[in-house]
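Please walk me through this structure. Start with the ligand, then take the metal site and the nonpolar cores.

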Amino acid sequence: MLPLALLMLASCNNPVPQNTPLPDSASRKWWKEAVVYQLYPRSFKDNNGDGIGDLKGIISKLDYIKSLGVDVVWLNPIYASPNTDNGYDISDYRAIMKDFGTMADFDTLLKEMHVRHLKLVMDLVVNHTSDQNEWFLQSRSSRENPYRNYYHWWNAERGTPTPRWSFFDVNSDAWKLDTPTNSYYLHYFSRQQPDLNWENPVVRQEIYKMMKYWLDKGIDGFRMDAFQFVAKDTTWPEFPKGYEQDIIKYYGMGPHLHDYLKEMNKDVLSKYDIMTVAEGAGSTLDDAMDLVGPDRNELNMAYHFEVMDVGKGKPGYDLLEFKKVYSKWDTIFSQKGWVSVFLGNHDQPRMLSHWGSDSLPFRGYCAKMLNTFLLTMRGTPYAYYGDELGMGNIRFETIDDYRDVATLNKYQHLKATGGNVDSFLESEKRFGRDNGRTPFPWDSSANAGFTSGTPWLKVNPDYTLVNAAHEEKDSASVLHYFRKLIRLRKSNPIFVYGSYHLIDGYNPEVYSYIRELQGKKVLVVLNFRDHQAAANLGDYLKGAKLLLGNYPDSAPKDVLRPFEALVLELP
Ligand code: GLC
Ligand code: CA
């Protein structure tokens with residue numbers, strides 16, 4: 001990949017493409033043209049007063065979802081689970097989590113979505129199961145059990161296993177000694193999430209059957225959780241010291257991953273018109289293309305983590321880095337393959353707090369500006385529930401308010417090892433995953449109208465200001481702007497298929513780019529700062545016409561107000 005300076009220079013000096021063709025009908029796909037709405041079921045709408053969002057709650061809000069203009073809903077896991085990791089620990093792949101309802105509720109949900117022409121994408125969590133899954137209960141019961149090879153075991157008489165780092169374990173140790181059979185099992189995530197053994201063809205066939213079960217019900221795709229980790233080198237080589245700092249390189253894209261995907265594609269995916277998206281895209285350009293290249297017969301698209309590393313662990317972030325990452329990923333997929341565009345999800349803080357500012361008086365402008373970015377880039381946009389209202393981080397003061405296993409276990413670890421828990425709590429206010437998981441604010445009544453009971457995770461107290469009912473009534477709200485943006489995207493294929501061209505690349509405050517399709521051009525200008533900032537747009541502004549702006553009196557110009565966003569049509 002080009003170094004930053006070269007990349008910026010290259011894109012600034014290259015002429016803007018003049019006649020990017022509309023792809024032929026075979027290359028145009030519904031999942032490229034769609035806008036995805038990611039919904040965290042636990043926090044969307046509680047229907048029965050137990051404080052936990054549920055399927056009936058979602059059903060009751062489908063008209064709201066439809067009104068946004070989105071096409072696809074991705075639901076975080078709703079399968080039976082003891083909830084160590086909020087459903088990412090599945091005990092039964094063919095049952096619905098009790099907290100969420102029944103299979104009958106699911107069938108109604110799917111039917112009601114399809115009636116409204118909304119598609120449903122489910123999370124597919126097959127790197128690991130719950131330790132309460134029947135497969136694991138069998139597997140751990142004896143070394144001779146037929147399910148033994150469903151998981152990775154290391155018999156203790158061989159000594160301690162080659163070290164493997166764990167994302168969530170209190171000791172960061174991915175091997176756990178299990179006394180019944182005096183063997184260690186592998187868990188990249190928590191101890192309650194043992195990793196499946198993909199080398200076992202029986203496991204793969206079980207998973208494919210399970211996938212068909214859901215696809216035959218009529219779901220429209222899968223988001224494949226932690227999929228780049230499923231393939232492991234089971235000779236268990238030693239990794240160099242400090243490898244956990246570069247974990248994707250060591251855990252991602254293991255041996256046979258592409259064989260598994262090709263097999264899955266042949267046996268399952270290719271038989272349905274669905275959308276498939278992998279979490280993670282490896283660590284190199286080739287990795288990414290190998291997953292989603294149209295000639296590869298593997299997946300439709302991937303989402304990469306690189307942008308989430310921009311500014312990680314530091315206050316603020318460098319907009320030039322941010323531009324570089326997005327421009328790089330656009331370049332990778334400019335000729336073939338497809339990418340997802342996102343600014344937040346259930347593993348991240350709220351995009352508003354992370355990439356902008358949730359403080360008054362700017363938060364509304366800023367939420368609109370960030371949504372403008374999300375919905376005018378090339379790639380399939382993933383809007384995260386609540387970002388259409390401009391939700392922000394909750395910033396818990398005490399560990400008792402957190403529910404996320406990642407935060408809780410890290411805290412335990414620091415406490416046990418004499419680490420600095422105060423500075424950890426401070427940094428979780430910025431980065432903790434629960435910031436992005438608080439209940440959806442429906443209105444200004446108690447608990448934001450999310451539940452009549454006690455919410456499982458505290459409602460952000462700013463709900464009196466930021467809630468759907470209030471924004472519905474205010475034509476200048478983030479919500480109304482979000483709908484306008486989606487209408488704009490849908491009304492012009494330039495936003496989906498147009499080329500992307502960075503301009504004024506070195507500007508550390510304003511992000512500007514041109515999208516071009518069949519000679520038509522749109523210029524997007526975004527001020528990422530909470531103060532006035534200049535864009536060097538030169539002649540580009542000549543004859544420019546406003547399509548959308550986030551200030552009441554928006555007009556084409558190159559000195560932007562705080563968090564100002566302009567979408568301009570060029571002659
Ligand atoms: C993925 C999910 C995350 C989960 C982890 C383990 O990264 O997005 O929420 O904790 O996998 O399943
Ligand atoms: Ca409930």
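The paragraphs below take these topics in turn.

This is a predicted model, in which local features need pLDDT of at least 70, side-chain atom pairs count only at pLDDT 80 or more, and totals for chains, interfaces and linings use all residues. Residues are numbered from 1 along each chain as its sequence is written, chains are lettered from A and ligands numbered from 1 in the order written, and side-chain values use heavy atoms, without hydrogens and water.

Begin with ligand 1. Residues around it (a heavy atom within 4 Å) include Asp85, Tyr88, His128, Phe168 and Arg437. By class, this shell holds three nonpolar, two polar and seven charged residues, with Asp, Glu, Lys and Arg counted as charged, Ala, Val, Leu, Ile, Met, Phe, Trp, Tyr, Cys and Pro as nonpolar, and the others, Gly among them, as polar.

Now the calcium ion, ligand 2. Its donors (N, O and S atoms within 2.8 Å of the metal, or 3.2 Å for Na, K and Ca; water is not among the atoms, so sites may look incomplete) come from Asp46 (OD), Asn48 (OD1), Asp50 (OD), Ile52 (O) and Asp54 (OD), at 2.3 Å. In sequence, the donor residues follow the spacing D-x1-N-x1-D-x1-I-x1-D. Asp54 is buried, at 4% relative accessibility, whereas Asp50 is partly exposed at 36%. Buried means under 20% relative accessible area, exposed over 50%, and partly exposed in between (1.4 Å probe, protein chains only).

Last, the nonpolar cores: sets of buried Ala, Val, Leu, Ile, Met, Phe, Trp, Tyr and Cys residues joined through side-chain atoms within 4.5 Å. The largest has 155 residues, and Tyr37, Tyr64, Ile65, Phe106, Phe322 and Tyr511 touch the most other members. Domain 1 (29–129 + 201–485) and domain 2 (134–186) both contribute residues, so this core lies between them; the bounds come from an automatic or database domain assignment.
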